[in-house]
Each structure stands twice: as C-alpha cells, then as structure tokens.
Amino acid sequence: MKTRLVKVGSNTKIRLKESAQLVLEATDLGVNDRHSLTLTFERPGLEAEILGAFKLSGKQVLNLSTIAVHKVPKTKCLTYIKGVLFDQAVSDYIGKIIIEPPAGQTTSYLEDNILLVGRGARSTSQPVLEIEADDVKASHGATAGPLNPEHIYYLRSRGLTEAEAKNVVIEGFFTSLLSRIKDEKIRNKVSRRLNVRS
Amino acid sequence: MSSKNAGTFRLESDLMGQRQLQASAKKRTKNPLNRDYKAKYGFSQPERHVFKAKKGLGPEIVRQLSTMKGEPSWMLDFRLKALEVFFRKPLPTWGGDLSGIDFDNIHYYIKPTAHPERSWDDVPREMKDTFERLGIPEAERKFLAGVKAQYDSEVIYDSLRKELAQEGVIFISTDEALRTMPELFAKYFGKLIPPNDNKFAALNSAVWSGGSFVYIPKGVVVKRPLQAYFRINAANMGQFERTLIIADEGSYAHYVEGCTAPVYSSDSLHAAVVEVFVKPGARFRYTTIQNWSGDVYNLVTKRARVEKNAIMEWVDGNLGSKLTMKYPACFLVGEGARGEVLSIAYAGKGQHQDAGAKMVHTAPHTSSSIISKSVSLQGGRTSYRGLVSVSPNTPGVKNRVECDALILDSQSASDTFPTMQVNDSSANIEHEATVSKIGEEKLFYLMSRGLTEAEAMSLLVSGFIEPIVKELPLEYAVELNRLIELEMEGSVG
C-alpha cells in the first residue's frame, strides 16, 4: 500500500486505481471554505486508508468532509480523523460512508476524535452511514471531549508542568494516527507540522 | 390499497427463486396470515359517523371543528393561526419521501357514533388469528376488532381512575382538559411545541382532536403504568391527537400508548404532537409501541422539557406505516437533568422508518443517552437521524449514542445521520454506530441445533432488540416479540 499526501480542495475527487494510504494535507487551515474529499472505489479488492490530523488555534475554523463511496464488492476503507482545538478554534467535520447496492462484502470504518483543549473551542461532527447492501461491515465512532484531567494529574505528579503535561497527552493523542502512516518521510513531515516528536 | 399491495406482492414473487417460491407457497398454505399487510390485518369496519367534515383543509373546516367541540375563542384563534403557518411552511426536503401525501384527500375531523356495531362473527378470520397469535386478551380483542366501542374492562378503568383521583392524578382526554381545567391547560398547551415549530406540528395545532392530558401532582408516585389503551375509545384514536403531560416536582409516572395490534386507519396521515413537562426532581417515562397499517404516513413531534435533576425517558417502538418520521426530543434545561431515548425501528416491505432522537443540553452537568436498534428486511429502509447539541457555558455535559442496524437481505437499506454540536469544551460526547447483517456462523449454529432458518433468524432478531424490549411492560414485550416472529415468517427461504 502506497502512502500519498493529498491536498484537499473545495471538491477534491479521487477514483482509486490501486490500494493506497491517503494522508490529508489541509494547508489552508483557518479559511472558512469547506475542504471536501470524495474517494470512490470502482475496482473490487481495493483497500484505502484516509488519515487526517489537525491542530487549530486562535480563531481558526476548519470545515472538512470525507466521503468514501463503495461501488463494487470487496473493498475496504478505514478513515481516521483526529483534531486538537485550542483557544476559540472551531471544527466542523462530515464523514460519510456510502455503500451502494452492488458493493457486498465491503468493510468500511470511520473514526473521528476531537480534543477540546481551549475553553472556547467548539466542534460539530456528522458521521453518516448510507448502506444499501446487506453483506457488509460498516461502522463509525465519534468522540469529542476535553483532556482527561486524570492523565494531566498523573503527569504533574511526576514533575511535569501543566503545559508539559498537556503536550505529552496531545502527542499521545496523535501518535496512534501517526504510527499508521507507513511512509517515513510523510510521517515525519506530518509530525513536524503537528509539533509531535516522531 | 388492495390493488397496490397485490402488485407489490407479485413483484416480490417474481424476485424469488423457483425453489424459494415453492417453499414459501407451502408456508403460506400452512399459515394464511403470512401474506402482506392486507391479508394479515387489513380490516375495516363499515363507517357510521354522526358527523364527518368534508375532505380537504381550510379555515371553514377549522371553524366548523372548533364550533362542534364548543371550544373557547382563544383556541379557535390558535387553530387558525396554526393553519396559516401550515400553509406557509414548505414540506421538509430531508428525511423520507413525503410527496405521496394528498392533503386534500383527508378527513380532518370525524365525530364517531357512540356505539359502532359489529358482530364478532363478522370479524375476519385472519384478524382473529392475529389476535390469537399475539396473545391479546379476549376482552381487548373485541374492542380492537371494533365490536365494542368501549373497552370491555371499563370496570377496571373506573377503579383505576378512582385510585388515581385519590392522589390527585389527572388522566383525561385533551378535549376534556380544555373544557374542565382551562387555566392549567392554557399555561402549558403549545408552549413546548409551538405551531411554527414544523409543518406537521402546525397541521396538528390547527386540527387536533383527542389525545391524553396527564397531570401528576408533586411527589406522587404512580405505580401502575398509565395506559392510554384503557382510556381510548374511537373518539380519541384520532389522526391528529395532541397529548400534554405535566409531571410536577418529585413525581414519577409511566405513560404507555399504542399496542402491538395493528391500527387500522381510514386516512393515511397521522400527525400527532406530544408535549411533556418534567419538573425538578421528577421522573417520567413515555412508552410508544405502534403498528400502523402499511399506507400511513406517521409524522409525529414529541418533545420534553426536563428541569433540574429530573429524568425523562422515551421508549419508542416504530413498526408498520409507510413512512415514519419521529425524533423524540429532550430539552435538558435544569442542572443535573437527564434524558434517555430507547428506540426500535422495524422496516419491512415498502416501509421507511426515519426515526431518531434529539438531546439539547442547555444546562450544566446534564447527561443523556440514546440507544437505537433498527431492523430492515424485504426492501425496507431504516434511518437513524439524531442531534446532540451542547450550549456554551454548560460544564460537565455527558452524552452517549449507540445505533445498531441490522439488514436482513440485499434489497434493504439503512442510514445513520447523527449530528453532534459541541459548544462547550468540557463536554464528553461519544457516538457509535454499526450496520451489519446476521452472522452466518450464528445462523449455522442455531440451524445445527435443529431450528429452521426462519426460526433462527427470528430468534437472532429478538436477541438483537432485547435490550430495549426488556424495558417494556411485560405484556407489551411479549406481544412485540410475537409480532416480530409473525412479521419475520416467510422473510427467508
């Protein structure tokens, strides 16, 4: 499976030719336009991962959609989105899985996790499933919440400052996603942008 | 309806393989119930009405209706304003397909005769069989079949009513409440769901009739469920019923509406409004199990206002109907308030169940949970549509949503449309949804133990919805399980 960095514009469409790992590069953060990625599976047996991680601060706003369209049987898609919102940052994410009638034996999973660090941070999340075939596994999970105070407390008891403790927890939050990126160069690049040691 | 159903039935037969066709034909002769809705429950009684408004909707009809009921002038004004809102608002473009509703071809008000007569011998055999198989008690069968206008256990109801009255509990029809306690009524009526909330709430506000009015005084705990069932007679079983419930501080009650027996309706639109006020420290549970006939559009607005440390629970079972759009809501407005929705949807041939829930957190430390289970088969479609919203400056909000959908065959479909709006960074919001089919290995295991495929399927479906069924009063749980068995017969092989 090849890893590719994908620039997501207002209406980016990808028709998958070979199995691939797509790492989202949302460069225009803070711009109110919607970034939308539609990934279509038209050949049986293809697998893909969509990986997106972002950190927003100040009054940045991110509008992101990812849409996985399964048109043929036996395809697999895993989508992982992780975001950390500082200050008054706002994220609005729509994650769709569409499985059309011929697409039996599809596996599609989507997960989005948002950490609300800033007091004024806000998030909206709409994970959508549209399933028209029966022999499929389709599911999604979504969470939004603050940093776990117990985690911070533990790290503080080990001598870290509040800020250091927060950073460690946030790094850990991103690590599960970053470790999925198979291409080392791309992984390093994304880690640097997120300010996470890799 | 008959010709249309016959059509879909033929179509389905064409789709089935020859072997399956023979097998299902064998099954049908064994069990004549096992056809489509018409054959199973399609019964109606000769209509005898004292008064029936002409079809269609307009200010004259609303005036006539209000005059017939002898309502105060404020109610007429309310209805007329609501009617304007109804005409002004467009049909929703989301959700199910509403284009089939012919608003001009509906009777908006029917005043039934006091004693519709029909002999038990005239009741179709299939229907008697259905009652038999659902295990509905003898007395209720006669009522449901339209033989008796009043439920046979009038006596039971009377003693129940005396018991309730001693504690100050009011449990009457909404029309009666408007007549006998206008002040209490006007204080709450339409305050939670105003006519301009949505098009169908406006329609209900304009032409409402029947429904229940419940008031539970402070600190009163009503042990037995309040069953609309007992109170209902034909006059209250309207298509535009309006229910208003007030659970005062520290009280508890459980209200149950509907039953698993099929509801026959002559017109194809059911647009009810239910408002529930749960005062501080009170707990209220509202259970609905409805099984509408297959041509009904079931469009209901249900909402509860939940105050400090109060709990509201909606248990919502959606079966039957052509299209159901129903999203019971809890507005959690007091600190520590809790809302819960348990929802089951079951969509068979030609049905779309668009159900879900709304949780609006506007106070600190409020919590809510939504559990939704849906089953689609024979070309049915189930959709979960939900909203969880957290207002700014409401620390400590918790919410959990769990939706599971089961798709039993390749013609059926399922959607999940949740929205989570989190405007306070301390909120903990979790959502989880799965869509799957019945596991082959589970089926195989059960069949290796001697069950037929149909029996195994129906056992697995019962297991799937069990977490919600166990929350129902026992007799409803038993009936619901039997109903699902009945519906599932012939869905395989």
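This is a predicted model: local features need pLDDT of at least 70, side-chain atom pairs count only at pLDDT 80 or more; totals for chains, interfaces and linings use all residues.
Residues are numbered from 1 along each chain as its sequence is written, and chains are lettered from A and ligands numbered from 1 in the order in which they are written.

**View 1. Chain A as a whole.** Chain A holds 3 helices and 11 strands. Helices (H or I, at least four residues) and strands (E, at least two) are DSSP runs, numbered from the N terminus. From the N terminus on, the order is β-β-β-β-β-β-β-β-β-β-β-α-α-α. The C-alpha trace spans about 55 × 30 × 30 Å along its principal axes. A compact globule of 198 residues would have a radius of gyration near 16 Å, so the 17 Å of chain A agrees. That radius is taken over C-alpha atoms, and the globule rule is 2.2 Å times the number of residues to the power 0.38.

**View 2. A salt bridge inside chain A.** A:Arg34 pairs with A:Asp92, with the closest N and O atoms 3.5 Å apart. The two residues sit in distant parts of the chain, 58 residues apart. A:Arg34 belongs to strand S4 (residues 34–41) of chain A, and A:Asp92 to strand S8 (residues 90–99) of chain A. A salt bridge here is a side-chain nitrogen of Lys or Arg within 4 Å of a carboxyl oxygen of Asp or Glu. Side chains of opposite charge can pair when their charged atoms come close. Over all chains, the whole structure has 29 salt bridges.

**View 3. Where chain A meets chain B.** In this interface, 29 residues of chain A are in contact (heavy atoms within 4.5 Å) with 31 residues of chain B. The two chains bury about 2,200 Å² between them, 49% of it on carbon and sulfur atoms. Buried area is the accessible area (1.4 Å probe) that two parts lose on being put together, summed over both. On the chain A side, A:Leu129, A:Ile131 and A:Asp134 lose the most area to chain B, together 23% of what that side buries.

View 4. B:Arg381 and A:Glu132 form a salt bridge, their closest N and O atoms being 3.1 Å apart. Strand S10 (122–131) and strand S11 (137–145) of chain A each give two or more residues to the side that touches chain B. S10(A) gives the most, with 10 residues. By class, this side of chain A has 12 nonpolar, 10 polar and 7 charged residues. Ala, Val, Leu, Ile, Met, Phe, Trp, Tyr, Cys and Pro count as nonpolar, Asp, Glu, Lys and Arg as charged, and the others, Gly among them, as polar.

**View 5. Two domains of chain B.** Domain 1 covers 2–14 + 45–438 and domain 2 covers 439–493, with bounds from an automatic or database domain assignment. Their contact takes 34 residues from domain 1 and 27 residues from domain 2. Together they bury about 2,800 Å², and carbon and sulfur atoms give 70% of that area. The rule finds 2 salt bridges across this interface. B:Glu471 forms a salt bridge with B:Arg285, the closest N and O atoms being 2.9 Å apart.

Notes:
Side-chain values use heavy atoms; hydrogens and water are left out.
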